[in-house]
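Subject: Structure for you to look at

Hello,

I am handing over the structure we spoke about.

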Amino acid sequence: MKDRQGENLRELLGRFVEAERAREMAEDIERGEQILGRHPAPEPSLDVLLGIKAQMGARLAYQRKRHHFRQIALKIATAAAVIIFVGIGIRSLDRQPGNVVEHFTAGFIPTAIWESDNIAADDLHLASFAAEIERIENEVKALLLGESSNGESTLDELETELREIEGSFWEKG
Amino acid sequence: MATSDELARIISGCKNDDAECFSELVDEYGSRCYGYFYRLTGKNELSEDLLSELFVRLVEKIGSYKGGAFESWLFKIASNIFHDYLRGKQRWKKLLDVRRQELEAVITESKRSESDKIDRLQVQLGKLDAGTRELIMLRFYSQLGLREIAELRSEPIGTTLSKLHRGLKRLREMME
């Protein structure tokens, strides 16, 4: 006879004990379970079940929010990673010889010029600096094209020169 | 009782965070799980708490259900919740209270009417050791096969069969 789980209890027991003993044990189990069937446990009240459903709903809503927050955090982290990666990339590109001029050009124009109201005086300064930048730019390009035999040290000299010009500008300002 | 197709639909819905499907799951398993907890604790209020904990945990864990017998998975969680409850220091005290009440019930047993059979079974169940009682309840309420129960309890099937037989035979002797 198969029980409610679809298992043949006697056959299963028969693997461990003799057939007669298996039959007795199966009967004991079946009769014991019949007692349980005759004495059902109380049912949970409808209010309890409704309360549980409400709790599950609240938990679901919380999980959805948490999932949404995680997605936003992931997007922010991804964007931050991209910005950092690009920043590192730009910095490493700046360190390459070809970008020396642009780097110094950017830092070369002092903030005093942007903040100054004296346009005429600033224009004069800017014109002289623009000419100076152009000259240095040409020298750098010439160096990069291999027109100098001692490229590294000459670049250092140029850098020093640019710093001096920047310093002198501040003195003028 | 839901067919396997219906159950598959409900579980699929639950995995997609469908509150209605979770509600159906409560309708399907609420009574059986409550019975399981009630027969192990003998307390209505406590059984309600454990049932609530089970279903809330179900919401959290449904994503980890990878198929197989759903009852096995569900009752494994139920069993873990019951053991967590037993492990709680404060809860041990409550369990002792339950035992005390059970003993009091034994004293007054002779005064009970025929309609109090539910309590009588609870008293007799209380006389079995905790492991055997849990096995019997797991078998009765989960409706799992013995192989699945043995697997769930991480013990050989022969051991499960032997414990179940001894427990149910003793229960019958006490009840008759």
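A residue is called buried when its relative accessible area is under 20%, exposed when that area is over 50%, and partly exposed in between. B:E24 has 22% relative accessibility, so B:E24 counts as partly exposed. Please keep in mind that this is a predicted model.

Salt bridges

Side chains of opposite charge can pair when their charged atoms come close. Over all chains, the search of the whole structure gives 14 salt bridges. Some of them are described here.

B:E24 pairs with B:R9 in a salt bridge whose closest N and O atoms are 2.8 Å apart. This pair joins distant parts of the chain, since B:E24 lies in helix α2 of chain B and B:R9 in helix α1 (residues 4-15) of chain B, 15 residues apart. B:R9 is partly exposed too, at a relative accessible area of 43%.

In chain A, A:E20 and A:R23 form a salt bridge, with 2.5 Å between the closest N and O atoms. Both sit in helix α2 (residues 19-38) of chain A, and because they are 3 residues apart there, about one helical turn separates them. A:E20 has a relative accessible area of 44% and is partly exposed; A:R23, at 29% relative accessibility, is also partly exposed.

Which residue of chain B forms a salt bridge with A:K53? The partner is B:D27, and the closest N and O atoms are 2.7 Å apart. The pair crosses between chains: A:K53 belongs to helix α3 (residues 46-94) of chain A, and B:D27 to helix α2 (residues 19-41) of chain B. A:K53 is partly exposed, with 22% relative accessibility.

There is also a network of salt bridges in chain B, linking B:E53, B:R57, B:D84 and B:R87.

A helix contact between the chains

Helix α2 of chain A also meets helix α9 (residues 157-175) of chain B: their axes come within 8 Å and cross at roughly 55°. That angle makes α2(A) oblique to α9(B). The crossing of α2(A) past α9(B) is left-handed. On the α2(A) side the contact includes A:M25, A:I29, A:G32 and A:L36, and on the α9(B) side B:L164, B:H165, B:L168 and B:R172 are among the residues involved. By type, the residues of this contact divide into 8 nonpolar, 6 charged and 2 polar.

Regards

Methods. Residues numbered from 1 in each chain as written. Chains lettered and ligands numbered in written order. Predicted model: local features only at pLDDT ≥ 70, side-chain atom pairs only at ≥ 80, totals over all residues. Heavy atoms only, no water. Salt bridge = Lys/Arg side-chain N within 4 Å of Asp/Glu carboxyl O. Helix = DSSP H or I, 4+ residues; strand = E, 2+ residues; numbered from the N terminus. Buried < 20%, exposed > 50% of the residue type's maximum accessible area, 1.4 Å probe, protein only. Axes fitted to C-alpha atoms, helices over the stretch in contact; angles between N-to-C directions. Parallel < 35°, antiparallel > 145°, perpendicular 65-115°, else oblique. Left-handed = near helix turned anticlockwise from the far one by under 90°. Contact = heavy atoms within 4.5 Å. Nonpolar A, V, L, I, M, F, W, Y, C, P; charged D, E, K, R; others polar.
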